[in-house]
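Welcome! Take a moment to look over the sequence and the fold, and then let's walk through them together.

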Amino acid sequence: MSFLDLLKKSASKAASSVGKQAARELGNAAQKTVRTAAKNAVQNVQANVGNKSYTVKFEKLPTSLAELQAMPEASLKEPQYAAALAIAALTMYPVNKDAALEMLEFLQGPRGITGYDKSFLADRFRDKDYVPRSYFAGAAPQNNYEPSQPYTLTFFENPYSRDNFKDGYLTLHIKSGGADSPRQVKLRTKPSTGQWFLWEQFLLSDIRVPVEKDPWA
């Protein structure tokens with residue numbers, strides 16, 4: 001028997017003993033209780049969505065587009081797959097820029113990679129190569145951002161992550177071992193394929209300098 005049915009049954013019993021007026025009052029109270037419970041349930045669901053987290057582990061990071069496409073995460077059927085592979089591709093940029101750009105173009109799907117994207121990446125990597133790997137578990141300034149293995153990335157949603165979800169967008173957040181506030185990765189879905197693609201990333205802002213590059217360490 002449902003919660004509402006139980007309330008109705010209680011109201012019916014009360015009506016036989018206290019009269020029709022009392023039954024109406026109890027029924028109104030029951031409806032108010034149900035409305036309050038429903039409202040609380042919705043708020044709880046929304047709160048749980050905001051606390052949702054996703055973990056992706058790689059035994060090996062891809063060094064080429066072919067290697068990336070051979071990984072199960074390259075199906076892009078989950079938003080965290082696209083976000084994690086984007087970080088893996090950015091980690092490759094200082095080693096092989098062309099390979100990294102090919103991977104990013106694949107991950108950006110129909111949007112592709114633009115001249116602005118290339119210029120932005122070149123600027124952000126001009127004097128630092130450690131920012132992308134700071135998102136992997138175990139990476140910190142003290143160990144020069146050397147991640148633990150397997151390479152683990154943990155993303156999470158906040159209460160605003162799904163503000164544009166009905167339009168196909170989801171924003172995930174991830175902590176860096178060298179920053180106090182988390183950074184964002186915005187994904188966009190393609191309904192015809194069920195895939196998620198990289199739309200925007202805010203992963204390359206400055207973080208704390210690793211010990212090996214800090215003259216004051």
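**A helix and a sheet**

Just after helix α5, glycine 109 adopts a positive phi of about 55 degrees. Keep in mind that the model you are looking at is predicted.

Let's stay with α5, which spans residues 97-107. At its start, a side-chain oxygen of asparagine 96 comes to within 3.3 Å of the backbone nitrogen of aspartate 98. Within the helix, the buried residues are Ala99, Ala100, Leu101, Met103, Leu104 and Leu107. An α-helix has 3.6 residues a turn, so residues three or four places apart point the same way. And what covers the buried residues of α5? The cover includes α3 (65-69), α4 (79-92), α6 (115-124) and β5 (195-201).

Now turn to the sheet. Five strands make up an open sheet with antiparallel pairing, in the order β1-β2-β3-β4-β5. Its edge strands, β1 and β5, each pair on one side only. From one strand to the next, the twist averages 35 degrees.

You can follow the pairing strand by strand. Six bridges connect β1 (residues 53-58) with β2 (residues 151-156), and valine 56 has leucine 153 of β2 as its bridge partner. Two bridges link β2 to β3 (residues 169-174), where phenylalanine 155 stands opposite isoleucine 174 in β3. Further along, β4 (residues 183-190) pairs with β5 over six bridges; here lysine 190 has glutamine 195 in β5 as its bridge partner.

Finally, α4 packs on this sheet and touches β1, β2, β3, β4 and β5. The direction of α4 makes about 45 degrees with that of β1.

Notes:
Residues are numbered from 1 along each chain as its sequence is written. This is a predicted model: local features need pLDDT of at least 70, side-chain atom pairs count only at pLDDT 80 or more; totals for chains, interfaces and linings use all residues. Side-chain values use heavy atoms; hydrogens and water are left out. Two strands pair if DSSP finds at least two bridges between them. Helices (H or I, at least four residues) and strands (E, at least two) are DSSP runs, numbered from the N terminus. Buried means under 20% relative accessible area, exposed over 50%, partly exposed in between (1.4 Å probe, protein chains only). Contact means heavy atoms within 4.5 Å. A polar contact is a pair of N or O atoms within 3.5 Å; within protein, one must be able to donate a hydrogen and the other to accept it, and residues adjacent in sequence count only if both atoms are side-chain atoms. Axes are lines fitted to C-alpha atoms, for helices over the stretch in contact, and angles run from 0 to 180 degrees between N-to-C directions.
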